[in-house]
Amino acid sequence: MPFEVVNTSAVRGLTFGNSGYCDVLRTRGLPEEITPILSPLSCYNEMLGQGRAICAVRSIRFGGRMWGVVSRVVPNGNDYTGRQNRLAHHVIAQPSELESLCPASILSGFAFHDSFTGSPHYLDREPVMSVSERNDESVWDCMGGSGWRAHIAELALATSRIVVLIPPEADGRSVVASIVLALPIDQRWAVGVVEATSAEQCWAHNVRIRVLTMAPRDDGSERAFPGEVVVDLRHQPNPPKRADRSIGELAAPPSDASECGHTDQAFDFSAFTTPIQDKPQIQVAEPLAPSAVAIDSRSQQVSAGDVNVSRRLPEVKEMPRQAAREPASFWKRIGIWFIFGAVLGALAGLLILKWK
Amino acid sequence: MNSTVSNTLVNQVHCPSCAHIFRPEVICFIAEHDKLQGDRIAGPLEGLRFRSSRFNIDGNAVDMEGRVCTRVACPSCHIEIPRALLENPTCFISIVGAPGSGKSCLLGAASWSLRKLAGQYGCSWVDVEPRLNALLHGYESGLFGAGGAMRTPLKTEVAGGDWYHQIKVGTKLEMLPKPMYFRVARTGGVSSIIVMYDNAGEHFLPVAENAEPPHTRHLGQAQALLFVFDPTMSHASDKAQRQELILIEAVSRIRRLAGVSQSAKLPIPIIIVLSKADLWAQEIRSYITQPPIAPGTIVDLDRQKIEEVSTLSHAYMSEKFPEFVQSVAAFSDRVQWVPCCAMKSSGKASTGQVENQPRANWSEVPFLLAFDQIARSQRRK
């Protein structure tokens, strides 16, 4: 069962004596030691968020294992001291649930809190999905088509950090959910997609894709750090090239919403038990060094230097085979040295006998 | 440019972020070349930290790509520190208080006031490196910028955001508060570096998850403690925090971190800053309209006037908050009570809403007083 945590500034928190930013709602059974790890995920960047709700899919390490966290942080007026407040609502997936629970379905179908009133309390029920169903695909219509989401996923798997610039009219929550769906199932929690977050925060929480909402006239390069690949979708009327070869499509996200459990009241844990769960077999080409991606907004096409993920992945795949070969060569070497030692010993013995 | 004046280095440097003590010669330099971006502890967005063996004639390190490096970092936490820490004595001032007591506003108002009034106090007050004080500049702009129109104050985050340095030790992420650096110097005297911290009030609550969170590690090296007490936060109301418990917790942490005996009184001066004086200090208000200036040896502070106001404030506190006064007396004999305000709240007749106007009265006094007492205890001139 996934857990829920609501963190905001309140007079009293769940823990006796707590006030200010603290947990006011928590599913019973969630270890309290996880709270300090969740605290940095509750931050709201006022400059990047611009007063809108921001969403994130991240993974954290707790107790030596990976946990998944889907967050939504929203400005929440002023708190009891008269200062600006924010409310963070996290849905936390346990390590055993990471394969069966789809973060995109949580983002799309979960009823996140916008405000919190009343006294802090524990929850005894599991998180409930809202009945309303969201269509995240249509969000790409104003950004050159849904081919871009697969392309972004492809880039994220090939390079280290991506900044996706979207126009103000695009819904950030839908963009994040849609990009997550384009990622391979086993990478959806690990890659991490966040909205309106600084590059430092992304590094701190091992997030590779950050989505920033910017006006078309703003200079996107100001917000990007060296080493980040910028995908500017504010001026993209056309779909990307080679989208048909993208990782996202090979990973085959569910074709209809019910596969992700959108229509159910509670989370559907059997969502990803279809045959598409197996990783697609990708044809291996010779290894290539990753190269930077440049998107020319004037020509609105991806330049020739983009990264071919199908060439990049085999490097990782081949590693176990090399590791497996190592013990064999080790024993071979031991054998050679053993024979060499035996021959030397025999010769030495002969010499000693002859000398005597 | 070759400098002809030799620089004298201090014997030991205290890292303001992680409290590591090291000798100046083991300091790390920060690589400047684009190819040397990324550090295993400070992160991929920072330049590589390295111990240099190549220097140019000015004493600056030269990185592996031949670029001259002038910025330095702590060899333990790899967080950048100003180079002035290697050359000047440092005064660490910790600011403690309950959530919502007005610590950030006090810092912003004090810094703004000192920029204007430091000359009248017979000293100078400047940023050591403005880049490292960006957070404080934001407070100042929020309080006193944009033609006097004050924004709703931001609440200091408990973790993450712009308030903390984030470093990775192995796979563990550590958050350390961003220190603020100022250089204060008497005209013709030795300059000192004042290091201050703006913590979230939640870090000082006795129920903090971690017994010794890294956010408050600076308490161990504090040379003066500024406790921000909000007299409008009566514990009889629902919205109040018991402030004496926060003081007891802070003192307990100082004792643990600084290795002070649990039964001994604190060896550092405690200054109780009584914030929001415009709302509660009816009889004291007239005293704090003008800055307390009188000739002095280190800073031109009118100590007689401050003592007078302190006595009045103590009397007020003894009447209204005896439990707090009793706790303070148990921890130190060197306590000053300084009322101040960072802004003025007034009701707007037309809308009926409370409006805040920037008005800094005596907000700089606690900091100058702390510096004065530290310098006296170290017999500086």
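## Two helices in chain B

In this predicted model, helix 5 (residues 303-320) of chain B and helix 6 (residues 322-331) of chain B have axes that come within 5 Å. The axes cross at roughly 120 degrees. The two helices, helix 5 of chain B and helix 6 of chain B, are therefore oblique to each other.

From helix 5 of chain B, the contact takes in B:His314, B:Met317, B:Ser318, B:Glu319 and B:Lys320. They meet B:Pro322, B:Phe324 and B:Val325 in helix 6 of chain B. By class, this contact has 4 nonpolar, 2 polar and 2 charged residues.

## Aromatic pairs

Over all chains, a search of the whole structure finds 11 aromatic pairs. One of them joins A:Phe330 and A:Trp331. Their ring centres are 5.4 Å apart and their planes stand at 70 degrees, so the pair is edge-to-face. A:Phe330 is partly exposed, at 44% relative accessible area. A:Trp331 is exposed, at 59%.

B:Phe324 and B:Trp337 also form an edge-to-face pair, with 6.2 Å centre to centre and 75 degrees between the planes. This pair links distant parts of the chain: B:Phe324 lies in helix 6 of chain B, and B:Trp337 lies in strand 19 (residues 335-339) of chain B, 13 residues apart. B:Phe324 is buried, with a relative accessible area of 0%. B:Trp337 counts as buried too, at 4%.

## A sheet in chain B

Chain B has an open sheet of 4 strands in the order 6-3-9-10, with antiparallel pairing. Its edge strands are strand 6 (49-50) and strand 10 (80-81), and each pairs on one side only.

Strand 3 (residues 28-30) of chain B is joined to strand 6 of chain B by 2 bridges. Here B:Ile30 stands opposite B:Arg49 in strand 6 of chain B.

Notes:
Residues numbered from 1 in each chain as written. Chains lettered and ligands numbered in written order. Predicted model: local features only at pLDDT ≥ 70, side-chain atom pairs only at ≥ 80, totals over all residues. Heavy atoms only, no water. Pairing = 2+ DSSP bridges. Axes fitted to C-alpha atoms, helices over the stretch in contact; angles between N-to-C directions. Parallel < 35°, antiparallel > 145°, perpendicular 65-115°, else oblique. Contact = heavy atoms within 4.5 Å. Nonpolar A, V, L, I, M, F, W, Y, C, P; charged D, E, K, R; others polar. Phe/Tyr/Trp six-rings, centres within 6.5 Å; stacked < 30°, edge-to-face > 60°. Buried < 20%, exposed > 50% of the residue type's maximum accessible area, 1.4 Å probe, protein only.
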